[in-house]
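Please open the model in your viewer and keep the selection tool at hand. The tour below moves from one selection to the next and says what is to be found at each stop.

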Amino acid sequence: MARGAERRYGEKMARFRHHVFVCENRRPEDDPRGCCACRGSLEVRAALKAELGRRGLKGIVRANASGCLDACAYGPSLVVYPEGVWYGHVTPADVPEIVERHLVGGEPVERLLIHRFMERGPGQPGPGGPPAS
Ligand code: FES
């Protein structure tokens, strides 16, 4: 690595202002854990992508499908980085509010937050810490 390269790397701007991961994990119908896809997460991400396009945020906010986020009981669930803000029981109807208030305005949508995930710190099990074994 060239001298000073580490510093320059740390000073680079993030490629996206926000990265939103929407769980699209699907399990069999009889799985007691349920799944986000079974509860409509594909429609949530489709609504999110459409809203980002409508608001001119394509290339600024990225909406990616993810596998299980270990938040199955709250599905459809999603997480917004870099803040690490978790949302649960999200419907397509909630998407414009998440975009307007959080992704544009910087204020998380309180009524949809999964508070217990954001209270955990590094080194503790579950989201926010290392993967549960
Ligand atoms: S199935 Fe979506 S968080 Fe686990």
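Begin by selecting helix 2 (residues 41-54) together with helix 3 (residues 95-104), which pack at an angle of about 45 degrees with their axes 9 Å apart; helices here are DSSP runs of H or I with at least four residues, strands are DSSP runs of E with at least two, and both are numbered from the N terminus. The axes are lines fitted to C-alpha atoms, for helices over the stretch in contact, and the angles run from 0 to 180 degrees between N-to-C directions. Helix 2 and helix 3 are therefore oblique to each other, a term for what remains once angles under 35 degrees are called roughly parallel, those over 145 roughly antiparallel and those from 65 to 115 roughly perpendicular. The crossing of helix 2 and helix 3 is right-handed, meaning that the near helix is turned clockwise from the far one by less than a right angle.

To see the contact itself, show the side chains of V44, A47, L48, E51 and L52 on helix 2 and of V95, P96 and V99 on helix 3; residues are in contact if their C-beta atoms, placed from the backbone, lie within 7 Å. These contact residues comprise seven nonpolar, no polar and one charged, where Ala, Val, Leu, Ile, Met, Phe, Trp, Tyr, Cys and Pro count as nonpolar, Asp, Glu, Lys and Arg as charged, and the others, Gly among them, as polar.

A word on the model: it is a predicted one, in which local features need pLDDT of at least 70 and side-chain atom pairs count only at pLDDT 80 or more, while totals for chains, interfaces and linings use all residues. Residues are numbered from 1 along each chain as its sequence is written.

Next, turn to the sheet, an open one of four strands in the order 2-1-3-4 with mixed pairing; two strands pair if DSSP finds at least two bridges between them. Its edges are strand 2 and strand 4 (85-87), each of which pairs on one side only, and the twist from one strand to the next averages 20 degrees.

Select strand 1 (residues 18-23) and strand 2 (residues 61-66), which run parallel and are joined by six bridges. Within this pair, H19 stands opposite R62, and C23 stands opposite S66.

Finish with the loops. Between strand 2 and strand 3, look for D70, which has a positive phi of about 65 degrees although it is not a glycine, and for P76, joined to G75 by a cis peptide bond with omega of about -5 degrees. In the loop between strand 3 and strand 4 lies P82, joined to Y81 by a cis peptide bond with omega of about 20 degrees. Strand 3 and strand 4 form a hairpin with three residues between them, and G84 in its turn has a positive phi of about 75 degrees.

Definitions and conventions. Contact = placed C-beta atoms within 7 Å.
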